[in-house]
Amino acid sequence: MERWSGRVAVVTGASAGIGAAIAQELVKKGLKVVGLARRVERVQEMATTLKSAPGKLYPIKCDVTKEEEVKKAFKWVKDNLEGTDILVNNAGVASVNTLSGGPVENWRKIYDLNVLALSMCTKEALQSMKEKGVDDGHIIHINSITGHKMIDPVAMYSSSKHAVTALTEGLRRELVNQKSKIRVTSVSPGAVTTEIGEASGITPEMMEKFKDMPFLASEDVADAVLYVLGVPPHVQIHELMIKPVGEVE
């Protein structure tokens, strides 16, 4: 990770869970980390706890489903930090719903955040890397094991993560055709203890049936991100799947 010290990483959904863990670990490794979140006050609080770390956390309020806010955030990165070297697309949402019953509004929220926001941030980061002259940058999508198989009752969420799997390969091919050395990686965790259930409207009663399942911690996913960033520049980890020991699915 030494070669990334002093460089700039943008992390979406940095206010809690996996995004917060990733942002903290990158700051501890000496990076300048721009934490994008709607609940920016949480990122601000986290920044105060990291003042003695080698790197620095820059909290930016941003709803990544809104194109103008995404463009404004990346412009801030360009104007203040000269541009982006790493993007971690972490922001995501899930909900329990059915294809036969909906509601449609839940579907829209899932695709707006998990697919379109991820794609908009990727586009802006790549443009930023190009303008900065970065040819060894890295795009990391926080995917899910549900992006590789179906798990009831989250068909729409699973389909959005299948889209992330396809977008990872699609971007890899684009970069190869452009003869670019920018890397793209999909990190697909199994069950993780985060706030995504609460944020997605999943009730405690629904969560009760998962109480005996093994779970990863957010820090485990952050460690996976450090690993894929830390391999030699000529190595691309295209897909990294991690599960808690004992996970059945």
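**Chat about a sheet and its helices**

Colleague: Looking at Val34 here, which residue stands opposite in β3?

Modeller: Tyr58 does; the residue facing Val34 in β3 is Tyr58. Bear in mind that this is a predicted model: local features need pLDDT of at least 70 and side-chain atom pairs pLDDT 80 or more, while totals for chains, interfaces and linings use all residues. Numbering starts from 1 along each chain as its sequence is written, and side-chain values use heavy atoms, leaving out hydrogens and water.

Colleague: OK. How many bridges join β2 to β3?

Modeller: Six, and β2 and β3 run parallel. Two strands count as paired if DSSP finds at least two bridges between them.

Colleague: What does the whole sheet look like, then?

Modeller: The sheet is open and has seven strands, ordered β3-β2-β1-β4-β5-β6-β7, with parallel pairing. From one strand to the next, the twist averages 15 degrees.

Colleague: And over at the β7 end, what joins β6 to β7?

Modeller: Four bridges, with β6 (residues 183-189) and β7 running parallel. Pro189 faces Ile242 of β7 there.

Colleague: Switching to helices: which strands does α2 lie across?

Modeller: Helix α2 (residues 40-49) lies across β2 (32-37) and β3, and runs at about 165 degrees to β3. Helix α3 (residues 67-81) packs on the sheet too, touching β1 (8-12), β2, β3 and β4 (86-89), and its direction makes about 160 degrees with that of β2. Contact means heavy atoms within 4.5 Å; angles run from 0 to 180 degrees between N-to-C directions, with axes fitted to C-alpha atoms, for helices over the stretch in contact.

Colleague: What hand does the β2, α2, β3 unit have?

Modeller: That β-α-β unit is right-handed: with the strands pointing away from you, the path from the first strand over the helix to the second runs clockwise.

Colleague: Zooming out, how many helices and strands in the chain?

Modeller: Eight helices and seven strands, as DSSP runs numbered from the N terminus (helices H or I, at least four residues; strands E, at least two). The radius of gyration is 17 Å, close to the 18 Å from the globule rule for 249 residues, so the chain is as compact as a globular protein of that length. That radius is taken over C-alpha atoms, and the rule is 2.2 Å times the number of residues to the power 0.38.

Colleague: And what span does the C-alpha trace have?

Modeller: About 50 × 45 × 35 Å along the principal axes. Among contacts with a separation of 6 or more, 73% are between residues 24 or more positions apart.
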